[in-house]
Structures are given as C-alpha cells and as structure tokens.
Amino acid sequence: MERLSFGYVKILSGVAAGRIGRYVMDERESGKAKIYFGYHNDSLRFPNYRSCKVISKTNLTNNISKQDLIDRYYSVVQELNSVDANSNRKVKKYSAQHTDLITECNIIRGLLRERFSIALLNGEQADKNTILLFSFMDALWVNDFSLGLVEKGYDVAWNDHEESMADCKWIFKDYLVRCGTFIFIATGNSIRQSWFMDDFRYFKGLAGSGPHRIICVKADESRVPESIGTAFDLRNQFSDIYYKNFEALIDSMEG
C-alpha cells in the first residue's frame, strides 16, 4: 500500500476519478483525507478547509504523471467550455461546481509549469534538452506536442510567456547552457506578440556561438513571418500529415 504524503494527489476511482487536488489534512481518525481543489498560489479563492472533499486515503495517490495532468487538463477545459456555452446540464455558470473546475484548472496549469520547468533539466545532456517558447493560450496544443517529444527521449521545458519579464536576458543565457534546441510555436496568439520575433532574433543571433538548433513550428493557419524562414507544418494535430511532419522535425533535431 502506498504511503500517502501531504501535497498534490490524484483520485483513483469513483465519480471523481482522475481529479487532481491537494491533500491538506486528515479527517479525524477515519483513514480519510481532506482534499482541496486549488493551487497553492491560486488568487481566485483562499484555502477554506471547510470546502474540502473528504476522500479515503486508499483512493488517493501522490503518483501523478505528466500524462495524468495533460489528460485531466483537457477534460477540465472541455467541461469549462461547455459551462461557458450553457450546454452543461450538470454544472451551471458561476455555481460552486463551476468555481471548483476553475480552481482545479489552476492546479493543473501550475503543476504542468512546474513539471516542465527549465530548472528540472539536466545540464549535462543539453543536446537532449528542448525548450518550447509559446503563448500560454496555446497550452492545449503544446501539451500533446510536449508528450510527443518526451516519448522520443527529449527532456522538455516551457516558457509560456504568461508572466511578463522586463529583463530576462539572464534567463536566456541559462537556456543556452541547458538546452540544445529551441522550438518556437507559431500561432495567431504568439505571432502577434512582440516577444515572438524579439526572442527568435535573440536566439538566432546566439545560435552560432554553440551547437544550438532554432526551430519554428506552425501550429495553426496563421501566417509565419518570412524572416523566420522554414517552419514545420504541424497544424492538424493527430492527422497522418501531422505525424509525418513530426518525424521530419525529430530528424532535424537529431541531424
């Protein structure tokens, strides 16, 4: 039997199977735990232990994989979209259940950013380390793309530009030490932001100082700036042409 630790947990079975929450305290002498569905720096709602769900410890695990997080994130986003469209019969907009979904979404987004942090990369294997530069609004697309790279043996880190960095050149220098490949995800959300071309020019200009690869991936119908050059066309995710071009991308990274 797994020894459960305080912190983030996944529910294993029942109607809440797959949900991600935080084990914050024990229910009095019952073999059960109080689970809070909110991220530790979630600004939407401060921890209110009276709102916790009580769940048997045998139905919880601390073993949460990247695949678990991505699968649950997709499910939560789909449910939130149905609430926004007023097509969800079980969850009404602005209800307590709606708030729970939003706070759980914040948990998952926060945990994904932690799991794909550059700080977790092994600097001694920079040739297998890859950083993705993208807009946080494209997280759903990036999730599956990241898993594809992981399955090919690459360690992946993210810069989703959700937080503004006024002076981030020191961070970029850390990127150059730790990573061999930089992949820019070109979409309507990212291309229109000033950081996209600024970052691309910066890394392109430094690529000659070491064995670094600067790659652009086209993830939607938006026009990629001509100054970028060739971009790998990965628009139709999960299609045959997507997988063909994805293999071509891997070949270029290993060539």
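Axes here are lines fitted to C-alpha atoms, for helices over the stretch in contact, with angles from 0 to 180 degrees between N-to-C directions. Helices (H or I, at least four residues) are DSSP runs numbered from the N terminus.

The model is predicted: local features need pLDDT of at least 70, side-chain atom pairs count only at pLDDT 80 or more, and totals for chains, interfaces and linings use all residues. Residues are numbered from 1 along each chain as its sequence is written, and side-chain values use heavy atoms, leaving out hydrogens and water.

| Helix | Residues | Residues in the contact |
|---|---|---|
| Helix 3 | 139–151 | Trp141, Phe145, Gly148 and Leu149 |
| Helix 7 | 240–254 | Tyr242, Phe246, Leu249, Ile250 and Met253 |

Contact means heavy atoms within 4.5 Å. The contact residues comprise eight nonpolar, one polar and no charged; Gly counts as polar. The axes of helix 3 and helix 7 come within 12 Å and cross at roughly 55°. Helix 3 and helix 7 are therefore oblique to each other, a class left over after under 35 degrees (roughly parallel), over 145 (roughly antiparallel) and 65 to 115 (roughly perpendicular).

Leucine 140 touches Tyr73, Tyr74 and Val77, leaving aside residues up to four places away in sequence. Glycine 153, which follows helix 3, has a positive phi near 95°.

Technical notes: Helices (H or I, at least four residues) and strands (E, at least two) are DSSP runs, numbered from the N terminus.
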